[in-house]
Amino acid sequence: MVCTTDCIEKPIRFCLERVGKFIGLHPWWFVSIPLFLSAALGGGFCLLEDRICNDILQQFTPVDGRGKTEKRFFETFFPHNEEMFSSQRLNSDGIYAALIFTCRTNILSVAALDEVLRIDHNVRRMSAQHGAQQFLYDDICARVNNSCYSNLLLHILDYNATNIKMVNLTFPVHHHPQLGRTPLDHFVGKVEVDNRDVIQSAKAVRLFYYLQERNGTLENVWLTEFVRLMSNSSTTFTQVSYFTSISRQQEFEKSTKSVTYLFALTYFIAIIFSVLSCIRLDCVRNKVWVASLGVISTGLAVLSSFGFLLLLNVPFVITVASSPFLILGIGIDDMFIMISCWQQTNVQDSVADRMARTYREAAILLTVTTLTDVLAFYLSFNNPFPSVQSFCLYAGTAILFCYLYNITFFGACLALNGRREKGNRHWLTCMKVLEECPPGAHRGFAACCVGGAYNHETRAEEEHPMTVFFRKYYGPVLTTAWSKASVIVLYIGYISISVYGCTRIKEGIDLKNLAVDRSYLIKYYEDQASCFSDYGPNVMLAVNGTVRYWEEAERAQLESCFADFISLPFVNDLSTSWLHSFERYAEEKSIAIGSEATFKEHLHPFLRQHPMLRQDVSITNGSIRASRVFLQTVSVVHKEKTMLQSVRNAAQHCDFPLVVYHPAFIYYDQYTVIADNTIQTVSVATLVMLVISLSLIPNPLCALWVAFAIASVVVGVAGFMALLGINLDSISMINLVICIGFSVDFSAHISHTFASSTKAGGDEKVVEALSHLGYPILQGALSTMLGVVALSASVSYIFRTFFTIMFLVISFGLIHGIAFIPVFLSLSGFFCR
């Protein structure tokens, strides 16, 4: 005899039984109070516009990411110089517009370059207007020596396409008589060169238009006008894609609006499904109104919970917009459980007694799943991604309200419907009807005016046909030896594919997926990936602290550190170094810099002659407090995490305090934390779910099977997610948290009923559990799928991904609940007695 753990379950059952009886006696109070509360809390939606927070940098990067700390360091010691603009020295992405011209033949032909120059001229002469102020690019452009920052390739050609015939462009660096050493790797793409590195042909040219970071309004107006201009531009020899520094955010915010119209469609589908699945031919026992009110109860829960959090000033992020679809499925699932338990009560008992019995059986199941769902989300709040935090807080609170409203509002509606059934009244007209059909009555009369049938042996309502199917056919077939063997083989195949998929998973969010379909950003990102992926970002490498640069031994030691970086597979060379340039300057001038005095004496004239390099040396009270050089990275696409960790590790192993940074590192930081945090979140949540299951399911071994189901479903979803090409990012992390809740929902219902069964053998226990809860679980799974199916039509990758993963979650959770777990329970039935 195995010890049971019903010491917690019993008092909960007793309390919920009393609650059910009280609601059955006073239903109108529990209809009115939730409606009033929803109206009051729903007022929080008036603050929705003020609470929306969809900043990509803030919401989809780690809160305490190392890149953000590195950024603050560079902003302190190397502030942006607006008079000597340098794109590679920006501490942020900057404010800019960009064009990528592609050509199937050669973009450096005269005809193609003429088109490039024409578009460039149109951009620079484009007029934008803000209020009464009209301005051009020249009025707000980023400046170098009082001139607009120019596109180097066009500057080399002197803005004349025919000059391409006379200029031998070398790649990746071109040496120009006036401009000096000119890197072209970020301006010319898919290049073919000869043995002297002279460009023979290229497939792409990229132009940048950087703006001053002063008046954000004027810059945004100009960038908006730029997008309008390019959307109406036409070309003959080239294809053009375009981008602005505000485009990503603007296109991302369209994602929320893209699903707004789907809410009404989803709730309509949910009501139709609920009504159809609860409809009965008996005109008294029909549950049409109850099913409809169950959907309304879920809607009230979303309204109340969201309004409550908005009143508490909780940010509303785009990821939250998908949670109502999820909550709808959970709420309807709970409704089906309560209706199923109600139908098993004695129809001759009073409504209050039937409610007490319903709550005794159903509410404990609802309590288990609600506790696990809510805790799964609340535990995940301790997450480095604000978008995940916001979703978990809204979803967890909504599930809590959903539980409270199912217990109160929906329970009261069930009691009122019970009073109608007690009086044998018609579901539509509420008129009393006959219990038995009089002799010779027309068949239509019997269908419309006769009702209230029930099983006179059990005194419960007549079984639903699907309940009969699970009891007479599905359960007995599943418990045969051949079926068990087939299920075990199926599970081995499932888990094998899942584990293989987990080994193929990729990390990090692709920024192009934040835009809606057919956005102009998609084409730009694709052109950038195909034409400019060979050369990565110019990474800043700073020496943090005072170094005796004048001592040759110190410089040699520093050079040794630089050599360690250059030896990395992702680093090409030092693209810019003030120290190397100063050493060459001293050698050309025959200047000795071996002492502190002479080093500092000649450094200042050198920096005055090279104002760009002056930005790389931070001098305080005559001492160099910090300095920086630049590393040119290569081939980092899909290897961002490895590159980031490599340069940071190299910085740690140097004897000098070094800091590496690039604005892209803030986004790359997600690669360093996403996997560990996902594993940690899922593990902690699973452990807590196990504790709850052990407390509320009256058999430890059955509770362990619930924990097993959680792990199995999470592994399955993660594996198949990877095989479907979905990365592990902050969006998919949300869905893995959802896995925990749904895998508990389905498996806990079956396990709890199995453990509570009085039947003798494991097979009989399984059949009884499936006959009681097989159909409600199937209803819940289908309702949840229908709750999110509308998202498959979304034009946003975020919401389509949510649908795909939710489909996997529900499918795997369902097959565990009605196939895998029942078979495993039956095999361990001896120990679960």
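Predicted model: local features only at pLDDT ≥ 70, side-chain atom pairs only at ≥ 80, totals over all residues.
Residues are numbered from 1 along each chain as its sequence is written, and side-chain values use heavy atoms, leaving out hydrogens and water.

You'll find Ile246 in the loop between β10 (239-244) and α10 (247-278). Helices (H or I, at least four residues) and strands (E, at least two) are DSSP runs, numbered from the N terminus. Setting aside neighbours within four places in sequence, Ile246 is in contact (heavy atoms within 4.5 Å) with Asn220, Leu223 and Thr224.

Now step back to the whole protein. There are 28 helices and 15 strands, and buried residues make up 57% of the 833 residues. The C-alpha trace spans about 120 × 60 × 50 Å along its principal axes. Of the contacts between residues at least 6 apart in sequence, 79% join residues at least 24 apart.

For a helix pair, look at α1 (residues 9-25) and α13 (residues 351-379), which pack at an angle of about 140° with axes 7 Å apart. Those axes are lines fitted to C-alpha atoms, for helices over the stretch in contact, and angles run from 0 to 180 degrees between N-to-C directions. Among the residues making this contact are Ile12 and Leu16 of α1 and Met355 and Tyr359 of α13.

Definitions and conventions:
Buried < 20%, exposed > 50% of the residue type's maximum accessible area, 1.4 Å probe, protein only.
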